[in-house]
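Dear colleague,

My notes on what was found in it follow directly after.

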Amino acid sequence: MNRSPAGLRLIAIMEASKGTIALLISLGLHELMGQNLQQLAEKLINHLHLNPASYYPGHLLQALADINNTKLIIVTIAALLYSFIRFVEAYGLWHQYRWTEWLALVSSVVYLPFELYELYQKVTLLSSLLLMINTLVVIYLATVLNKART
């Protein structure tokens, strides 16, 4: 292979990191099943000496009132599937499998409209940084795949 694995391995590390975060989230959600989330949030808000009627704590409590075990199961399964895809992608990129390079390109391109919309809604350092990194990943992967064609 004529390609340098350094860039692909960096992207693989990023994908494995996303997979790890999603896996930890799914495990955390699994732990919360069967518990009264609104009651847990109220205890946390009181412990932090926050006003439950203020904007963010109030919205959090309202959102948690609508969550049940079925919704938690669905989100947990989705997070597990997402982590599995990220781990497969990371493994394939690390080993320079062509199909995972395509998968990484497509999965990176899918996020661009959402990142642009987020930036359009409100310019923040985080949204700008995420868009820049994702754009660089897309350009790099497109270049790698284009060089492989010729």
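Of the 150 residues in the chain, 28% are buried, where buried means under 20% relative accessible area, exposed over 50% and partly exposed in between, with a 1.4 Å probe and protein chains only. This is a predicted model, in which local features need pLDDT of at least 70 and side-chain atom pairs count only at pLDDT 80 or more, while totals for chains, interfaces and linings use all residues. Residues are numbered from 1 along each chain as its sequence is written, and side-chain values use heavy atoms, with hydrogens and water left out.

The chain has six helices and zero strands, helices being DSSP runs of H or I with at least four residues and strands runs of E with at least two, numbered from the N terminus. Along its principal axes, the C-alpha trace of the chain spans about 60 × 35 × 20 Å.

As for the aromatic side chains, the structure holds two aromatic pairs; rings of Phe, Tyr and Trp (its six-membered ring) pair if their centres lie within 6.5 Å, and planes under 30 degrees apart count as stacked, over 60 as edge-to-face and the rest as tilted. Tyr55 and Tyr56 form an edge-to-face pair, at 4.9 Å centre to centre and with 85 degrees between the planes, and both Tyr55 and Tyr56 are exposed. Tyr91 and Tyr97 form a tilted pair, at 6.2 Å centre to centre and with 50 degrees between the planes; Tyr97 counts as partly exposed because its relative accessibility is 36%.
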